[in-house]
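Here is a short briefing on one chain.

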Amino acid sequence: MRTLGQPTAPAAVRALLATGFPHAVLLSGPAGTGKTYLAMALAVRSAQAGSAKGVVRLLGVTAALGAAFLAVKGYEYHSEWTDGLVPALHFTYAGAHRAGVEAFFSLYFLMTGLHALHLAIGIGIVGWVAWKAHRGAFDSRYHDPVEVTGLYWHFVDCVWVFLYPLFYLMGLSR
């Protein structure tokens, strides 16, 4: 059982590292966000240069990193369910400040769940654009769908830049 103020991501990362998944730590924090941001930016640059192969490859990397992030998030959600920290559905926390802990996890699931939903939508869009690129729909003159997809992806990345410290880093100095 976690104590109040203890972040959930490091536990998930430790568990994934213990299973032999050495790069789990790179997927949940700023390093993971940076990797998807870079892969998408390079995909847009490839589209501007007219490299369909580069677009497809880099969008595939972007989608794979996004899916890996969702897998880590799914593991975290499972851990919180097991620990009885899911408000309204399975909340069994009996420690101090029960109401505050429940409010925290309500906001946590609302905000990270909305982020995960938008990420899943983004993965679908990235897959569709990669498929269109594979079929030759874009060149150096017309690549607007790749750029718009990049803008959406970067928006989702930027939201995580604010959510990560809010939920995972606050209170670590205590």
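Just after α4, G84 takes a positive phi of about 70°. Helices here are DSSP runs of H or I with at least four residues, strands are E runs of at least two, and both are numbered from the N terminus. This is a predicted model, in which local features need pLDDT of at least 70, side-chain atom pairs count only at pLDDT 80 or more, and totals for chains, interfaces and linings use all residues. Residues are numbered from 1 along each chain as its sequence is written, and side-chain values use heavy atoms, with hydrogens and water left out.

**Positive phi**

- G136 follows α5 and has a positive phi, near 85°.
- A88 is not a glycine, yet its phi is positive at about 75°. A88 sits in the loop between β1 (85-86) and β2 (90-91).
- A88 counts as exposed because its relative accessibility is 79%. The classes are buried under 20% relative accessible area, exposed over 50% and partly exposed in between, with a 1.4 Å probe and protein chains only.
- H97, also a residue other than glycine, has a positive phi near 60°. H97 lies in the loop between β2 and α5.
- H97 has 60% relative accessibility, so it counts as exposed.

**Helix lengths**

- α4 (residues 52-82) has 31 residues, which should span 45 Å at 1.5 Å a residue; its end C-alpha atoms are 45 Å apart, which agrees. The expected span is 1.5 Å times one less than the number of residues.
- α5 has 37 residues and should span 54 Å; its end C-alpha atoms are 52 Å apart, which agrees.

**Packing of α5 and α6**

- The axes of α5 (residues 98-134) and α6 (residues 144-169) come within 10 Å and cross at roughly 160°. Axes are lines fitted to C-alpha atoms, for helices over the stretch in contact, and angles run from 0 to 180 degrees between N-to-C directions.
- That crossing makes α5 roughly antiparallel to α6 (a label for angles over 145 degrees).
- By class, the contact of α5 with α6 has 21 nonpolar, 5 polar and no charged residues. Ala, Val, Leu, Ile, Met, Phe, Trp, Tyr, Cys and Pro count as nonpolar, Asp, Glu, Lys and Arg as charged, and the others, Gly among them, as polar.

**Nonpolar core**

- The largest nonpolar core has 32 residues, of which M40, L59 and V146 touch the most other members. Such a core is a set of buried Ala, Val, Leu, Ile, Met, Phe, Trp, Tyr and Cys residues joined through side-chain atoms within 4.5 Å.
- α3 (30-49), α4, β1, α5 and α6 each supply at least two residues of this core.
- α5 gives the largest share, 10 residues.

How values were computed
Angles under 35 degrees count as roughly parallel, over 145 as roughly antiparallel, 65 to 115 as roughly perpendicular and the rest as oblique.
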